[in-house]
Amino acid sequence: MTDWTETYRPTTLSEVRGNNKARDQLEEWAETWDDHRKSVIVHGSPGVGKTSAAHALAGDMGWPVMELNASDSRGADVIEKIAGEAAKSGTLTGGEAGRRLVVLDEADNFHGNADYGGSREVTRVVKDASQPIVLVANEFYEMSKSLRNACETIEFRDVSKRSIVPVLRDICRREGVEFEEEALEKIAESTSGDLRSAVNDLQAVAEEAERLTVDDVVTSERDTTEGIFDFLDELIKEKDAEGALRAAYDVDETPDDLLNWIEDNVPKDYEGAELADAYEFLSNADRWLGRVRATQDYSYWRYATDNMTAGVAASRRGEKGGWTRYGPPSYWSKLGRTKGTRNTRDSIAERIAEREGASVATARREILPFLSAMTHHCKNRALTVRMAAAYDLDESEVSFVTGSGSDTNKVESVVADAAELKAETAVEHSGTAFFEAERSSDDDGTAAAATDDSGDSDDSSGQQALTAATSDESDTGSVSDDTSSADDPDDDQAGLSDFM
Ligand SMILES: Nc1ncnc2c1ncn2[C@@H]1O[C@H](COP(=O)(O)OP(=O)(O)OP(=O)(O)O)[C@@H](O)[C@H]1O
């Protein structure tokens, strides 16, 4: 069977669903390109139709497409291609004759390609382009500020369930698949905004069943995760190093996902020195995965897998028993592993560590996720502003911590207010711990250390908080303690447990 996401890829903008505003903006941008001659950044989560929209636009405009993928080849080659192309067509006498649409996919991946002068070169080319360029990106703030400023911006939002269901229904009709309406709703619900995943899931279930029912959908969800739970049990509690490695062969997860699963669940059973050892292996695995991403050399996967399976099993001390509630990787740990965002995460963690008197590892594993949950989507705006001020976060960092990736207005206004707050209170070097003070303060956030302008190191609340943060750190087992407090129903942070 052919891949349905390819078969049903929109060929005209009118078939791009669930993002009408963005679609209209894109059309408008193309139609007026001769007047403004600016490139456009199309950004949003994976699978919401950004690349499809760019291609569909080209189709509608009758422009041939030239597609470049930032991570396919060395940055410099890519730049050369665009620059060359732009220069060549610049010699044409203008007009529609030589018009073509340049689609620069994964435009947020030039980040870190500094060796090739990547980001700066792209910005230069984009500014002088004599052809319309659509830059497609997941992470808006992974692109340099000068690149962002040089372009127009169009945001694609996650596709709502309401928009996903009709797409699935349409595909079923065209494929002659009988279905229960609720089955489609269930798929739409579980893929949360990602239309590509929804179409993939539909195809996977439809291939197995005569008639698509809710039960099929639920069973197939369970099938894909059952294996991993058994594996975690074996890895964490039962098998020796070699056995754990072998067991991993049967798990249907990418090494990146597998690492997330292990990292989030191992602290539920390991503690103290064994946990520290396990983390050490996991961070080695993480480094190998980084190398795979950087070099596209997948033979390194083996070393990553060795570390995360055999290494973790070998770290175990003593017998483990009982039943543990393992859970899927948190949104947070997945975030930390997407390309480029790791640097952002680590740099924030360093500042938090300094401010809270904790280690960087503690800041990363224990404090950041909480901050992230507390400031999710900047819902508690006042708190988000205080946090941005306390840790000196810029736009990309605020976007990262709060998970408001594409909501640029929100993020920018938070950073602006944080700057004002800093100017008013001079909090940035006050040396008091922000996080612990916030956490122990009332939910309305009135007792925030961050707004305390004393800057005095013997300020008592700051001192207490510092002690609390430091003592947390020496207790490696506190990872799971903290996790359980996230489930505390008294905790008024909306959606906290969903998020973790
Ligand atoms: N808005 C949409 N309308 C119709 N189909 C869509 C839409 N979004 C995604 N799809 C389906 O998902 C497939 C993948 O979409 P596409 O590659 O355009 O997503 P994307 O946002 O560019 O994702 P990524 O950032 O991962 O490249 C399409 O081929 C199509 O089948």
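Student: How are helices and strands defined here?

Tutor: Both are DSSP runs, numbered from the N terminus: helices are H or I of at least four residues, and strands are E of at least two. In this chain, that comes to 25 helices and 7 strands.

Student: What kind of model is this, and how are residues numbered?

Tutor: This is a predicted model: local features need pLDDT of at least 70, side-chain atom pairs count only at pLDDT 80 or more, and totals for chains, interfaces and linings use all residues. Residues are numbered from 1 along each chain as its sequence is written.

Student: Where does UniProt place the feature "binding site"?

Tutor: UniProt positions use the numbering here, feature names are shortened, and annotations may be inferred rather than shown by experiment. The unreviewed entry puts this one at G44, S45, P46, G47, V48, G49, K50 and T51.

Student: Where is G47 found?

Tutor: G47 is in the loop between β1 (39-43) and α4 (50-61). G49 is in the loop between β1 and α4 too.

Student: Why does G47 count as buried?

Tutor: Count other C-beta atoms, placed from the backbone, within 10 Å of a residue's own: 20 or more is buried, 12 or fewer exposed, in between partly exposed. G47 is buried because it has 22 such neighbours. G49 has 24, so it is buried as well. Buried residues make up 43% of the 500 residues in the chain.

Student: Which residues does G47 touch?

Tutor: Contact means C-beta atoms, placed from the backbone, within 7 Å. Leaving out residues up to four places away in sequence, G47 touches D194, L195, R196 and S197. On that basis, G49 contacts P10, V16, N19, F156 and L195.

Terms used:
Contact = placed C-beta atoms within 7 Å.
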